[in-house]
Amino acid sequence: MDRENLRKDYIQLIASAREYVEQQLQLGITELESEPEQDSPYADFDLPALTADAEGCTKCPLHETRTNVVFGVGDPNADLMFIGEAPGADEDRQGEPFVGRAGQLLTQIIESGMKLKRSEVYIANILKCRPPGNRNPEPNEIETCSPYLVRQIELIQPKVIVALGSFAAQMLLGTKIGITKLRGEFHPCNVPGLRVLPHKKPPVIMPTFHPAYLLRNPNAKREVWEDIQTVMGFLAQA
Ligand code: SF4
């Protein structure tokens, strides 16, 4: 390699490092993670074994009130994954994520907007059991349940994750910044302990509004559509 190419590579490397640091600072991350990574209890599980384990899970009190564990649905090799916060009443009844009114809107975004089949993407939530009365997930519930999602992401290895709403975005990005500020651009995934195969890149995260929010605020559909178009552009080139 001649000196000119080396110089170009060096400048590109510095620009990438700078962009990464700026993204981290935007997310409020000012220190490198110093704690050693914990081995996931599910590190050797495949998708069927992980599903079976979740279906018998009693690790947090949500198991007492659930009808069904809502693990996830879709193509296990999908490039695109949607992650919400938790199942609602319809999902709890049917055992499938995003099947109620908000779910129908998500399906419409996938099928009419993106021209994909719902079965071509993978859809999951952070929590696999419904919080009673659709209350917000508690931090300890997210902490207890998230190893299932982390392993799901490891197994599916999507290129892009669309984080639906604040809870999913904040968990995947390791930040407390709200969805309004996060949405509209890609962020690097910041899930502690997430392993990526050597020949794969970690997924990028596109935060956007949760479909349930869109039902209450139809004007926000325009922003979600912009975010989805950005995702489609990325996938077309990936
Ligand atoms: S929400 Fe998660 S951790 Fe809690 S019981 Fe259900 S599967 Fe287990």
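# Exercises on contacts, a helix and a ligand shell

**Exercise 1.** Which residues is Ile161 in contact with, leaving aside its neighbours within four places in sequence?

*Solution.* Ile161 is in contact with Met81, Ile83, Leu172, Cys189, Pro203 and Ile205, once its neighbours within four places in sequence are left aside. Contact requires C-beta atoms, placed from the backbone, within 7 Å. The structure is a predicted model, in which local features need pLDDT of at least 70 and side-chain atom pairs count only at pLDDT 80 or more, while totals for chains, interfaces and linings use all residues. Numbering starts from 1 along each chain as its sequence is written.

**Exercise 2.** Which residues touch the most other members of the largest nonpolar core?

*Solution.* A nonpolar core is a set of buried Ala, Val, Leu, Ile, Met, Phe, Trp, Tyr and Cys residues joined through C-beta atoms within 7 Å. Buried requires 20 or more other C-beta atoms within 10 Å of the residue's own, exposed means 12 or fewer, and partly exposed lies in between. The largest core has 53 residues, and Met81, Ile83, Ile126, Ile161, Ala163, Ala168 and Leu172 touch the most other members. Helix 5 gives the most to this core, with seven residues. Helices are DSSP runs of H or I with at least four residues, and strands are runs of E with at least two, numbered from the N terminus.

**Exercise 3.** Where do the buried residues of helix 4 fall, seen down its axis?

*Solution.* 
1. The buried residues of helix 4 are Ala102, Gly103, Leu106, Ile109 and Ile110.
2. Seen down the axis, these residues fall within an arc of 115 degrees, so they line one face of helix 4. The arc is taken over the directions from the helix axis to the C-beta atoms.
3. Their cover includes strand 2 (80–84), helix 8 (211–216) and helix 9 (221–237).
4. On the other side of helix 4, Arg101 and Ser112 are exposed.

**Exercise 4.** Why does Arg101 count as exposed?

*Solution.* Arg101 has 12 C-beta neighbours inside 10 Å, and therefore counts as exposed. Arg101 and Asp90 are eleven residues apart in sequence, and their C-alpha atoms are 8.8 Å apart.

**Exercise 5.** Which residues come nearest to the ligand?

*Solution.* 
1. Of the 14 residues around the ligand, Cys57, Cys60, His63, Cys129 and Cys145 come nearest.
2. Helix 5 (residues 139–156) gives the most to this shell, with three residues.

Note on methods: Contact = placed C-beta atoms within 7 Å. Near = placed C-beta within 6 Å.
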